[in-house]
Amino acid sequence: MGFTRTELESYIGATVPDLVGPNTRLLFVGINPGLWTAATQTHFAHPGNRYYPALFEAGIIEHQIDRGVGMSNDDRRHFLARGLGISNIAHRATAKASELTALELREGGEQLRALVRTIQPAVVAVAGITAYRVAFGQPKAVMGEQPDGFEGARLWVVPNPSGLNAHETTSSLATAYRAAAAAAAIVPAER
């Protein structure tokens, strides 16, 4: 499956619904939907995005999800049954996250607080340190577990899985995501 540039551009400003269920224990939070994500209605969808390969490598999901095509209904059921959920800080689809304003990130952060209070996951994992710093007024935040938590949940800031994030590999992403998943009792803790 592929999209032309014109097809993708038709999704600018579109939204993708949160993927959450009644038993969400680990809520992953992206910055905002990309155009491929909006086109497939699947968070973190893009042939170059390493989110699903990292989840699989970490043992968080039990089968591969095609990041180019997006989730099937069976994939969504499996994902939710594992206690996983996905949301975004900002909900407007853009070609690049840099197109978002600081105000959009801050407002999205407030919406995220409300979602977390509602679904009460054990752990929230925000994928992207720069967006986290802006959205939550934490300019000195570093990767990993945050000391103050988030609306009653433990909070991790984890690396963004975009193929544009050249500092990370699928394996380094898997390690970071597994730490958050272990804290949420999705996978066993490493010994």
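**Sheet, cores and pocket**

Mentor: Start in the sheet: Val29 has Val126 in β3 as its bridge partner. Strands here (E, at least two residues) and helices (H or I, at least four) are DSSP runs, numbered from the N terminus.

Trainee: Before I go on, what sort of model is this?
Mentor: This is a predicted model, where local features need pLDDT of at least 70, side-chain atom pairs count only at pLDDT 80 or more, and totals for chains, interfaces and linings use all residues. Residues are numbered from 1 along each chain as its sequence is written, and side-chain values use heavy atoms, with hydrogens and water left out.

Trainee: OK. How many bridges join β1 to β3?
Mentor: Four, and the two strands run parallel. Two strands pair if DSSP finds at least two bridges between them.

Trainee: And what's the strand order in the sheet?
Mentor: The order is β2-β1-β3-β5-β4, an open sheet of five strands with mixed pairing. β2 and β4 (144–145) each have a single partner strand, so one side of each has no neighbour in the sheet.

Trainee: Switching to the cores. Which residues have the most contacts inside the largest nonpolar core?
Mentor: Leu26, Tyr51, Tyr52, Leu55, Ile60, Phe79 and Tyr177, in a core of 30 residues. α7 gives the most to this core, six residues. A nonpolar core is a set of buried Ala, Val, Leu, Ile, Met, Phe, Trp, Tyr and Cys residues joined through side-chain atoms within 4.5 Å.

Trainee: What does Leu55 touch?
Mentor: Phe28, Ile60, Ile61, Phe79 and Tyr177, leaving out residues up to four places away in sequence. Contact means heavy atoms within 4.5 Å. There is also a second, separate core of 23 residues, with Leu27 and Leu155 among them.

Trainee: Ile119, then: buried or exposed?
Mentor: Buried, at 19% relative accessible area. Buried is under 20%, exposed over 50%, partly exposed in between (1.4 Å probe, protein chains only). Ile119 belongs to helix α5 (residues 102–119). Beyond four places in sequence, Ile119 contacts Val20, Thr24 and Leu27.

Trainee: Last one. What lines the largest pocket?
Mentor: The lining has 18 nonpolar, 18 polar and two charged residues. Ala, Val, Leu, Ile, Met, Phe, Trp, Tyr, Cys and Pro count as nonpolar, Asp, Glu, Lys and Arg as charged, and the others, Gly among them, as polar.
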